[in-house]
Amino acid sequence: MKKKIALLTVVLIVAMVVLGGSMTAYAGHQCSVTVIIGDVNLDGSVDSIDLALLYNTTYYAVPLPNRLQYIAADVNYDSSCTMLDFYMLEDYLLGRISSFPAGQTYTVYYGDLNGDQLVTTTDQSLLSDYLLGRINLTFRQYVSADVNGDGTVDGIDLAIITAYINGQIQHFPVCPQS
Ligand SMILES: [Ca+2]
Ligand SMILES: [Ca+2]
Ligand SMILES: [Ca+2]
C-alpha cells in the first residue's frame, strides 16, 4: 500500500513537472518570421528576380501580395518602398555596395510592435493609436501587428493581442500550432 502511494506520488510529480513545463512553454510561446533584406520574392536568395519585382512595384506601382515583401524591399530602411530601394538593390547586385541600411535580415515577432521581442501593453497602445489614426505603422510593425495573419491590421488583431496579454489565449492565430 505504501509502495502504491509512493508510486502515485512520483507519477503525480512527474505529471506536474511535465504539464507545468509545457504550460510555461506555451505561455511564452510566440512565433516569429525572418526576412532576408532584398529578397523581395521571399525565395531565400537575393538576385535579379527580386530587382525585377522591385522595379514593377516601384515604377509601375504593382502592389506586392505579402506585407513581408515590403520589409524585404525597403532596403534603405526609410519605411517606404521607392525607386531609391530599387537603385540600392541594383548597386548591391552589381557589387557596388555590400550591405543595406536595413541590415541583412529582419525578424518579425508577432504581436511585438515596439521591437523589444515581448508582447505587452506598450504594443497594445501602439496598435490602438494606429487604429485611431494617431500614428502610422512601419512595414515591420504592420506585419507584427497582423496576429491573425489575414493581411490586414484591424480591431480583430487588437482584440487578439489584448486576449494574449490578459492570458486568455496562448497562441496567435498566425503562429503554427504544434
Ligand atoms: Ca529572392
Ligand atoms: Ca525604402
Ligand atoms: Ca489581421
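Me: What makes a residue of this chain buried, and what percentage of the 178 residues do buried residues make up?
Reply: A residue is buried if 20 or more other C-beta atoms lie within 10 Å of its own, exposed if 12 or fewer, and partly exposed in between, with C-beta atoms placed from the backbone. Buried residues make up 28% of the 178 residues. This is a predicted model, in which local features need pLDDT of at least 70 and side-chain atom pairs count only at pLDDT 80 or more, while totals for chains, interfaces and linings use all residues. Residues are numbered from 1 along each chain as its sequence is written, and chains are lettered from A and ligands numbered from 1 in the order in which they are written.

Me: Why is Gly44 called exposed?
Reply: Gly44 has 7 C-beta neighbours inside 10 Å, and the limit for an exposed residue is 12 or fewer; Gly44 therefore counts as exposed. Gly44 is found in the loop between strand E1 (32-36) and helix H2 (48-59). Helices (H or I, at least four residues) and strands (E, at least two) are DSSP runs, numbered from the N terminus.

Me: Which residues does Gly44 touch, not counting those up to four places away in sequence?
Reply: Gly44 touches Ile36 and Asp39. Two residues are in contact if their C-beta atoms, placed from the backbone, lie within 7 Å.

Me: Which residues of H2 are buried, and why are they said to be on the same side?
Reply: Asp50, Leu53, Leu54 and Thr57 are the buried residues of H2. They cover an arc of only 100° around the axis, and therefore lie on the same side of H2. The arc is that of the directions from the helix axis to the C-beta atoms. An α-helix has 3.6 residues a turn, so residues three or four places apart point the same way. On the other side of H2, Ser48 and Tyr59 are exposed. The cover over the buried residues of H2 includes helix H3 (67-73) and helix H4 (83-93).

Me: What makes H2 and H4 roughly antiparallel?
Reply: H2 and H4 pack at an angle of about 165°, with their axes 9 Å apart. That angle makes H2 roughly antiparallel to H4, since angles over 145 degrees count as roughly antiparallel, under 35 as roughly parallel, 65 to 115 as roughly perpendicular and the rest as oblique. Axes are lines fitted to C-alpha atoms, for helices over the stretch in contact, and angles run from 0 to 180 degrees between N-to-C directions.

Me: What is the hand of the crossing in which H2 passes H4?
Reply: H2 passes H4 in a left-handed crossing. A crossing is left-handed if the near helix is turned anticlockwise from the far one by less than a right angle, and right-handed if clockwise.

Me: Why is Ser79 partly exposed, whereas Gln117 is called exposed?
Reply: Ser79 has 14 C-beta neighbours inside 10 Å and therefore counts as partly exposed. Gln117 has 10, so Gln117 counts as exposed. Ser79 lies in the loop between H3 and H4, and its phi is near 60°, a positive value in a residue other than glycine. Gln117 is found in the loop between strand E2 (105-109) and helix H5 (121-131), with a positive phi of about 65° although it is not a glycine.

Me: How do you know that the buried residues of H5 line one face?
Reply: In H5, Asp123, Leu126, Leu127 and Tyr130 are buried. Seen down the axis of H5, these buried residues fall within an arc of 95°, so they line one face of the helix. Helix H6 (139-145) and helix H7 (155-165) are among the elements that cover them.

Me: Why are H5 and H7 called roughly antiparallel?
Reply: The axes of H5 and H7 come within 10 Å and cross at roughly 165°. H5 and H7 are therefore roughly antiparallel to each other.
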